[in-house]
Amino acid sequence: MIPAAFTYHRPGSVAEAVRLLADLGDDARPLAGGHSLIPMMKMRLATPEHLVDLHGIGALKGVSREGDRIIVGAMTTQQELLRSDLALSAVPILGETIAQVADPQVRYRGTVGGNVANGDPGNDLPALMMTLGADYRLEGPAGARTVAARDFYQGAYSTALAPGEILTAVAIPVPPAGHGHAYEKLKRKVGDYATAAAAVILTMDGGKVATCAIGLTNLADTPLLADKAASLAVGTSLDDATLRSAGAAAAAIMAPAGDGRGPPDYRKHVGGIMVMRALKRAAEQAR
Amino acid sequence: MPSQAKKTQIGMMVNGAQVDGLVEPRLLLVHLIRENLGLTGTHIGCETTHCGACTVDCDGMSVKSCTIFAIQADGSEITTIEGMANPDGTLSALQEGFRMMHGLQCGFCTPGMIMRAHRLLKENPNPDDAEIRHGISGNLCRCTGYQNIVKAIRYAAAKINGTEFQEAAE
């Protein structure tokens, strides 16, 4: 399978990339790790006339800490984040989630920015970033701005990115010390997108849930935040009845497609179970 | 659509030798390796980034060469299965492991498996079976059921580390 011909650009700065993307318009696509775009190009489902490869922009790489936030450059690969003690010691759920993204070869090339900016509802990091309350730093022809992950996703492959705009970094607030976390992902095989997955970040106080956030992957056109389920958990010791009602409240907002991973009813059913398992495991870990 | 895409001069080290040439931007790295360089040990399986048969080592990373444009590898150091034997031509520890432990049947996945295992052992010289299985989860084998591939990688790790190989998993 050979992609259609295109012109290759390799800008050395964000400003140059933004200028190229703005000038070339709809005929151009930014190229990050390429592990979503290149397969689509080989199948001729995507035929961009220009590719703007972001690999030459050093400013988009690396992990740092700014106060109570971990900043991950958009072109940081998933493997690099998996090896970042700075990020994983502060936000350990990143490690367990990224270890379940695709497979090792894909993680060596796949980037954090590409995973969150592509708007693919099957990707694991968008729901995680919503759960963590992360912000996305964007830069475009009109300048730089910040959009919360929770406000970024509008539909399948449809995001708050304006034409010519790229995501430059993800800013993740460090959860409180002693928090519990879990990412529960049901998949048909290693490397597959989730049949259903749930992310949980919570804190416990005196045996009861003090704060809780729950995110859902691949259970609708966009990643979801299960606010009602999270509020049902708060103030409880996560007894069985609470777990069941939280799972049911989360399932009530799921609207998965029926595909090779199962019909919608099945995916909602297992989606609720992923929420219950993630809540339980997160609470067991919390101190 | 550009009717005649402009060719670009690129160069890279492949198995220790510098190679240079003019490429169209859409040329995939695996096609450069197989067709331009004639190194057909790197296989094309699924062409959709699933099977790992095209895995090569690129700048210290295992990558699926069907999902990178050759132009992106400009200036890189690449190792393919042809670069895996010892300098004197004898089998490397991994190659020997696959031979001794019957880590292959049809052999189609083997170059990708060995290239992936090569990087896995560089990063984790003494993996347990679970780490080996997680480490090769991007490589599909339809013959062996993986048991003997895992053993082959453990054999190679023991040989490289100078420790005794235990055929049964610990």
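Helix 10 of chain A covers residues 240-253. Its 14 residues, at 1.5 Å a residue, should span 20 Å. The end C-alpha atoms lie 21 Å apart, which agrees. These values come from a predicted model.

Which residues of helix 10 of chain A are buried? They are A:Leu243, A:Ala246, A:Gly247, A:Ala249, A:Ala250 and A:Ala251. What do these buried residues pack against? Their partners are three elements of chain A: strand 13, helix 9 and helix 11. An α-helix has 3.6 residues a turn, so residues three or four places apart point the same way.

| Packing partner of helix 10, chain A | Residues |
|---|---|
| Strand 13 | 208-217 |
| Helix 9 | 227-233 |
| Helix 11 | 264-285 |

Chain A also holds a strand pair. Strand 11, residues 180-186, is mostly covered, with 6 of its 7 residues buried. One contributor is A:Gly180, whose bridge partner in strand 12 is A:Leu202.

Now chain B. Chain B has 5 helices and 5 strands. From the N terminus on, the order is β-β-α-β-β-β-α-α-α-α. The radius of gyration of chain B is 17 Å, close to the 15 Å that the globule rule gives for 170 residues, so chain B is as compact as a globular protein of that length. Along its principal axes, the C-alpha trace of chain B spans about 60 × 30 × 25 Å. Of the 170 residues in chain B, 48% count as buried. Among chain B contacts between residues at least 6 apart in sequence, 57% join residues at least 24 apart.

How values were computed
Residues numbered from 1 in each chain as written. Chains lettered and ligands numbered in written order. Predicted model: local features only at pLDDT ≥ 70, side-chain atom pairs only at ≥ 80, totals over all residues. Buried ≥ 20, exposed ≤ 12 C-beta atoms within 10 Å, placed from the backbone. Helix = DSSP H or I, 4+ residues; strand = E, 2+ residues; numbered from the N terminus. Pairing = 2+ DSSP bridges. Expected span 1.5 Å × (residues − 1). Contact = placed C-beta atoms within 7 Å. Rg over C-alpha atoms; globule rule 2.2 N^0.38 Å.
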